Amino acid sequence: MAHITLDKVNKVYGDSFHAIHDLTFDIRDGEFMVFVGPSGCGKSTALRMIAGLESISSGEVSIGDRVVNGVDPKDRDIAMVFQSYALYPHKTVRENIAFPLRMAGMKSAEIDAKVDEAARILELTPHLDRKPAHLSGGQRQRVAMGRAIVRKPKAFLMDEPLSNLDAKLRVQMRAEIAGLQRSLGVTTVYVTHDQVEAMTMGDRVTVLKAGRLQQVDTPQNLYNRPANVFVAAFIGSPSMNLFEAQLDGETLRLGSQEIPLPAPVFETRPSLRSHAGRPVIVGIRPEDIDDASVTEKRAFAEISAPVTLVESLGAETLAHLEIDAPQVDAEGVDDGTEGRRPASAVGRFAPRTQVRPGDRARLAVTAENLHFFDRDTRLSIW
């Protein structure tokens with residue numbers, strides 16, 4: 001096992017495209033670190049630079065105590081698991097798993113023992129003599145994992161390994177991979193665009209946007225204390241509702257409506273008082289908007305909004321609402337209407353709600369859980 005360090009790492013391609021900007025953070029020994037962000041944010045590029053599959057324009061990458069900038073991928077003692085599985089179709093499961101050991105010149109008896117151990121861990125023993133074409137997608141992914149495990153490398157690097165699986169199998173496999181990593185204790189870097197995967201699998205999560213580091217933290221801290229508007233909106237499903245609002249003393253003006261702010265809001269965020277009389281960006285997670293007529297929440301502020309769509313999901317109901325407050329784009333893109341159009345919002349209602357499209361619903365907003373951001377910097381206010 002080994003820790004991994006990125007120190008002011010940059011990647012600039014020949015066409016002058018700057019893909020990675022001064023990426024700096026540590027991955028601890030034995031940690032499961034997830035890189036997450038939208039398509040094109042640089043997460044796979046960062047992973048490939050750790051692996052040595054992409055050159056580094058500037059900065060340093062270290063695995064353990066060794067700077068590996070000029071070290072060939074085969075000499076970095078890492079194992080990669082790809083989205084495509086990268087299995088040899090003409091080889092059996094046993095032969096696929098054993099391949100890196102045979103390339104290393106290991107003796108046959110030792111290879112057989114290591115393959116059998118990996119197959120046992122991954123529940124592949126009954127399939128060792130089958131070829132990849134006769135396996136399910138989940139089984140093929142286990143074979144790819146087995147090929148990585150059998151080497152006992154310093155680190156596993158996984159590039160969207162579950163993207164080819166259906167939704168049900170993805171849930172099963174992400175639990176298996178997370179459990180396997182915990183039992184092996186091997187430093188693991190996992191790339192995904194799926195924030196649910198990131199939140200459920202990672203010890204810590206690195207959020208990237210346009211090649212720039214946004215925040216590195218535990219899943220719960222990313223959710224509770226996002227560093228900026230982008231992280232706040234990216235983490236959580238459905239996404240956080242973002243509005244432009246006005247802070248007047250201890251009252252938040254949201255469009256034509258007012259939300260009284262309880263004392264704990266200012267105790268948690270002492271800098272908020274300095275924004276009095278100024279516009280701010282306010283974020284409300286869907287789970288903090290409920291149907292006031294049926295909610296069991298005790299402390300809430302009440303506003304109202306038209307309902308445009310209702311999605312009944314059994315255990316909960318997602319109500320789409322129109323708030324008469326300016327919409328804020330999480331990406332920071334102004335298409336000429338930001339600050340002027342009504343906001344579409346989502347509330348996570350109790351399943352017994354009776355609201356229907358066209359109703360004007362009474363909304364219970366948990367004011368203590370509101371998030372506040374500076375309108376100019378888009379950074380969280382604490």
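1. Contacts come first. Among contacts (heavy atoms within 4.5 Å) between residues at least 6 apart in sequence, 70% join residues at least 24 apart.

2. A word on the basis. This is a predicted model, in which local features need pLDDT of at least 70 and side-chain atom pairs count only at pLDDT 80 or more, while totals for chains, interfaces and linings use all residues. Residues are numbered from 1 along each chain as its sequence is written, and side-chain values use heavy atoms, with hydrogens and water left out.

3. Overall build. The protein has nine helices and 20 strands; these are DSSP runs, with helices being H or I of at least four residues and strands E of at least two, numbered from the N terminus. Its C-alpha atoms fill a box of roughly 75 × 45 × 35 Å along the principal axes.

4. Burial. Of the 382 residues, 50% are buried, meaning under 20% relative accessible area with a 1.4 Å probe, protein chains only.

5. Helix 4 is largely enclosed by the rest of the structure, because 11 of its 13 residues are buried. Among them are Gly138, Arg142, Met145 and Ile149. The buried residues of helix 4 pack against strand 6 (78-81), strand 7 (155-159), helix 2 (93-103), helix 3 (108-121) and helix 5 (167-184).
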